[in-house]
Amino acid sequence: MKKWVFLFVLFLLFAREVNEYKSDSDFQIIDERHGLRVPKESVTLEIAMDQVYQGNLLLVNKEHPVHRGGIKSDVVNLFQHKELIEGYGLLDERIRLSQGVAEKFLKMVRAAEKDNVRHFMISSGYRNEEEQSQIYQEKGSAFALPAGYSEHNLGLSLDIGSTLSGMNEAPEGRWLQKNASKYGFILRYPENKKAITGIEYEPWHFRYVGLPHSRIMQKKNFTLEEYLTYIKEKKKIGGTIAGVEYEVSYYPVSSKKTVKVQANAYEVSGDNMGGVIVTAFSSVHARDGQEK
Ligand SMILES: [Zn+2]
């Protein structure tokens with residue numbers, strides 16, 4: 001009898017292993033490729049200069065401030081949107097965030113719940129310049145950035161806590177380090193990357209960049225700074241995600257530019273430095289989807 005229980009537990013562990021392996025093998029990076037294999041539609045994009053300063057891939061740091069157009073237009077007060085905060089806590093009633101990002105966060109929290117990780121709390125989201133100034137004065141330059149130079153000013157970043165303990169030890173922190181990239185989020189200031197980001201390790205600060213970018217960054221151990229340099233150098237990278245082909249292309253923009261995209265779905269984001277990144281997908285389902 002006991003032997004059967006033991007074998008059953010072994011089977012469960014094995015099944016779980018296969019599941020995790022499967023989800024990882026569902027993602028691939030092929031560094032250089034030319035065109036999606038199954039493009040169905042052709043679109044000609046007119047890219048204007050202001051698009052360099054808008055989108056989910058904007059680099060904002062000490063050298064690259066937020067441009068007015070870069071602030072997400074869908075920033076909402078989370079406390080007033082009960083449907084967005086089911087299953088996690090808010091540090092206070094003033095916390096704001098891009099609604100789109102909050103929806104992705106909720107999806108991620110629900111996935112964590114299935115792994116029995118359920119004590120998340122958002123302690124900070126969108127901040128206006130005045131609020132950022134105050135934080136900068138309180139925390140100093142190792143942990144904060146001056147007003148206008150923080151990702152929190154975009155509406156794309158959030159500080160995530162656990163009601164159990166500090167994020168470095170909490171199950172919530174460990175779960176996010178392993179899984180956040182599957183939902184479009186990155187740990188923006190990782191350990192041992194201070195020389196690149198200019199900011200100390202912050203196990204609580206997550207940034208939304210979207211798929212497949214977050215997955216590529218995780219796999220290659222890239223910060224946003226490194227990833228954007230990599231795309232700029234390669235000009236075009238591609239692969240598959242959740243059974244859908246993707247292609248990420250970089251274009252420098254100095255004046256109006258025309259770009260031809262062959263894809264069934266695409267997204268455009270500036271890099272906040274003089275270029276835009278066009279992400280093309282072979283299926284419309286990939287754009288907002290996440291990996292299993
Ligand atoms: Zn933060």
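**Close-up views of a predicted model**

His205 counts as buried, since its relative accessibility is 2%. The views below show parts of a predicted model.

**View 1. The zinc ion and its protein donors.** Three residues supply the protein donors of the zinc ion: His152 through NE2, Asp159 through OD and His205 through ND1. These donors lie 2.1 Å from the ion. Along the sequence, the donor residues follow the spacing H-x6-D-x45-H. Asp159 belongs to strand β7 (residues 157–162) and His205 to strand β9 (residues 205–208), so this pair ties together parts that are 46 residues apart in sequence. Asp159 is buried, at a relative accessible area of 5%.

**View 2. The packing of helices α6 and α7.** Helix α6 spans residues 213–220 and helix α7 spans residues 224–234. The two pack at an angle of about 105°, and their axes are 10 Å apart. An angle of 65 to 115 degrees counts as roughly perpendicular, so α6 is roughly perpendicular to α7. From α6, the residues His213, Ile216, Met217 and Lys220 meet Leu224, Tyr227 and Tyr230 of α7. Of the residues in this contact, five are nonpolar, one is polar and one is charged.

View 3. Thr240 is placed in strand β10, which covers residues 236–241. Its relative accessibility is 19%; buried means under 20%, so Thr240 counts as buried. With neighbours within four places in sequence left aside, Thr240 is in contact with Asp26, Phe27 and Gln28, and also with Glu245 and Tyr246.

Technical notes. Residues numbered from 1 in each chain as written. Predicted model: local features only at pLDDT ≥ 70, side-chain atom pairs only at ≥ 80, totals over all residues. Heavy atoms only, no water. Axes fitted to C-alpha atoms, helices over the stretch in contact; angles between N-to-C directions. Helix = DSSP H or I, 4+ residues; strand = E, 2+ residues; numbered from the N terminus. Parallel < 35°, antiparallel > 145°, perpendicular 65-115°, else oblique. Contact = heavy atoms within 4.5 Å. Nonpolar A, V, L, I, M, F, W, Y, C, P; charged D, E, K, R; others polar. Donors = N, O, S within 2.8 Å, 3.2 Å for Na, K, Ca; no water. Buried < 20%, exposed > 50% of the residue type's maximum accessible area, 1.4 Å probe, protein only.
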